[in-house]
Number of protein chains: 2
Amino acid sequence: MITIDLARSRAALARLGCLPETDQETVAAFAAAAWSCLVEPGDAVAGRMISVFGAAEALRFAQGSDVKDLALEMGVESDDVARARSRWAPRFNDMAVDDAFARAARANVRLITPDHESWPRSLTDLGDHAPRCLWFRGNASVFSRYSAHVAIVGARAATGYGEHVASEFAAELAARGVVIVSGAAYGIDGFAHRAALAAGGTSIAVLAGGADRPYPSGHARLIDSIATKGVVCSEVPCGSAPTKWRFLQRNRVIAALADATVVVEAGWRSGSLNTAGHAAALSRPLGAVPGPVTSAASAGCHRLLREFDARCITGVDDVVELLGLDSAQTLFDSESDDTAARTNERTRVTDALSTRSARNIDDIARRSGMSNTEVQQVLGILQLEEKVRRVEGGWLVMGN
Amino acid sequence: MITIDLARSRAALARLGCLPETDQETVAAFAAAAWSCLVEPGDAVAGRMISVFGAAEALRFAQGSDVKDLALEMGVESDDVARARSRWAPRFNDMAVDDAFARAARANVRLITPDHESWPRSLTDLGDHAPRCLWFRGNASVFSRYSAHVAIVGARAATGYGEHVASEFAAELAARGVVIVSGAAYGIDGFAHRAALAAGGTSIAVLAGGADRPYPSGHARLIDSIATKGVVCSEVPCGSAPTKWRFLQRNRVIAALADATVVVEAGWRSGSLNTAGHAAALSRPLGAVPGPVTSAASAGCHRLLREFDARCITGVDDVVELLGLDSAQTLFDSESDDTAARTNERTRVTDALSTRSARNIDDIARRSGMSNTEVQQVLGILQLEEKVRRVEGGWLVMGN
């Protein structure tokens, strides 16, 4: 039995630097962490239950016995609920939750849940399959919606060509303020992360196992660097092994965290096609880098161009255009609070700038009524769009 | 003044092996040849006039004076007719037509016009811009609608990669009975032609200048080989220089002769993008071969993938699929007599075959009531589609 108790929740969370404002948020955050110990990633019955009842109530109900009423309220078959319960039952274990928190505290892993301001709302598009918390090392503000996020993924068995392209793209995008999201694997992923950091940018690595277990181990140092300048995260608790299922589910998190996904090299059956499939399923812009038709490492990319209607990406400008497609779509779809928020913040920052006299961050923050961090993030986006430029002594807005 | 006279027409045509059945066809064929001496390729006013009045009448009217009535009957502005006349007037010269026929006879160049059974009806899709005759060396049956035609085109400044891909594709397609259409230029064109011939297949070279003037001259021997095993053709009369305009117009003939066009390598502003543009304008399937994004010689292909919605072609199977798209479309559009004819002939040949006992061409021809040549051509298509196979002693149809 997993029990939820305010005092225990607050203490456990505080050790991970997670300090929700209200009692309800505290209990919800702890329950979300407990759920991550209880279910495998992408468990839609759990997701539905949490959506309907909230994480804490759902956890109580999950361990109760009134399957029929539950199923009715959730709008699912009672068989599904019964089956879900029987797969969760072996993990109804308070010790496992305590253990996850203890391991996290030891490894300097922190917890973020949907109530936190830096929580990546882009995950919401995963619906019932969305993660309910992320365990992470690093700086949560990198998740922020004020930066553009691009997933650069691809084959472990990359060629020199793919490594070159991944590095070039990641470096140039990172230099333009884009956060590079990838999976920390050998090959394309590693080159993308490394180039982003080398360019002075930030990066997010999404791991299939616990955030305390660098995988692959040969990338332990790279993963440490990512945690220093960006974020290393996982939806499974510390100590979890990176299983095959978790790799596949991890890919959906990469696709969901990114505003656009670019596959640089991929064999005909590469795992990165799975990430691409998730991006397509989420209606997120998907790009693929072509390569020689004589190279097996590009066969998957060509397949994406042919079968998935991926955009043909030949340079960083194409990626920026890909991001633009997204904004346009989202603006028209427009249930997106994020987009509206972004647009407002951009207007406020632009209003606070002059075309002639450079203003520094402090000045812009005061004029716009926003925090310094927010201003910096918004300036990054505006710079990417070539709407502002950095000069001696501060920033200028471009004239029309 | 260009005059049309039955006896003169018949004599001139006979020297080029062109023997129309009726007097009307004879006069029309000679008039079409005269028109090719009179106008530059793609002259839509001439095309319209010929469509409305027939080549012979149109030629008489073109040299007359009643602009207004003509324009009215043609449904165009009388200014357009007046302007067209003034650009044709300097060439109203019987000597030039005689000269074209004489040069053709000397160079063993023949003439084909729309009344001939081997005339490529695919050119009709060019509407008023269609050539009204072709001057050619070689075997006119290569134009036949019973074979699939694929244009393989690309940059003169090809890389080893492009040359390799062009050769592979052309050889494999030619071996499967596809006629390779191209422009005989250095680079991709040359490799495509050469590989098609080396594989024992046939090829069509469309020249921008006269069919008696091999261009580029460094390809004179290659062009001779194409004429031996296939066709070298041009819509401009013998002796004509390959001007820039004629190159651009030549590209529309390549696109129109082909059931599908594949661009193998092309720079950002390559002339082969012009061919691709014509293919797209004709709603013919268009494919582009991707290459390294680091190669300038593939930039035009990537542009086609991005901007023209070209299909990504990575192998010969993709080209066959591209051809399939066309058939599907044409069947649904279905005003195409050609397609219906093809389907009928295929059914007749298939009906004449057995799944067990091999039958030779003579036998199949007798059973189907078709000529040996027709049977061979249809078998080529069916073999390409893997519906029949060649065995010891003849052909078998595949079981279902």
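A disulfide is a pair of cysteine sulfur atoms within 2.5 Å. The model shown in these views is predicted.

**View 1. Cys18(B) and its closest cysteine sulfur.** The closest cysteine sulfur to that of Cys18(B) lies 9.5 Å away, in Cys133(B). That is too far for a bond. Cys18(B) is buried, with 7% relative accessibility.

**View 2. Cys312 of chains A and B.** The sulfur of Cys312(A) has its closest cysteine sulfur in Cys312(B). Cys312(A) is buried at 3% relative accessibility. Over all chains, a search of the whole structure finds zero disulfides.

**View 3. Strand β6 of chain A, covered on both faces.** This strand spans residues 231-234. In a regular strand, side chains alternate between the two faces of the sheet. Val231(A) and Cys233(A) sit on one side of β6(A). Val232(A) and Ser234(A) sit on the other. All of these residues are buried.

**View 4. β6(A) beside strand β2 of chain A.** Strand β2 covers residues 134-138. β2(A) and β6(A) pair in the antiparallel sense, over four bridges. Phe136(A) has Cys233(A) in β6(A) as its bridge partner.

**View 5. β6(A) beside strand β5 of chain A.** Strand β5 covers residues 203-206. β5(A) pairs with β6(A) in the parallel sense, over three bridges. Opposite Ile204(A) stands Val231(A) of β6(A).

**View 6. The β-α-β unit of chain A.** Helix α10 of chain A, residues 220-229, belongs to this unit along with β5(A) and β6(A). The unit is right-handed.

Technical notes:
Residues are numbered from 1 along each chain as its sequence is written. Chains are lettered from A and ligands numbered from 1 in the order in which they are written. This is a predicted model: local features need pLDDT of at least 70, side-chain atom pairs count only at pLDDT 80 or more; totals for chains, interfaces and linings use all residues. Side-chain values use heavy atoms; hydrogens and water are left out. Buried means under 20% relative accessible area, exposed over 50%, partly exposed in between (1.4 Å probe, protein chains only). Helices (H or I, at least four residues) and strands (E, at least two) are DSSP runs, numbered from the N terminus. Two strands pair if DSSP finds at least two bridges between them. A crossover is right-handed if, with the strands pointing away from the viewer, the path from the first strand over the helix to the second runs clockwise.
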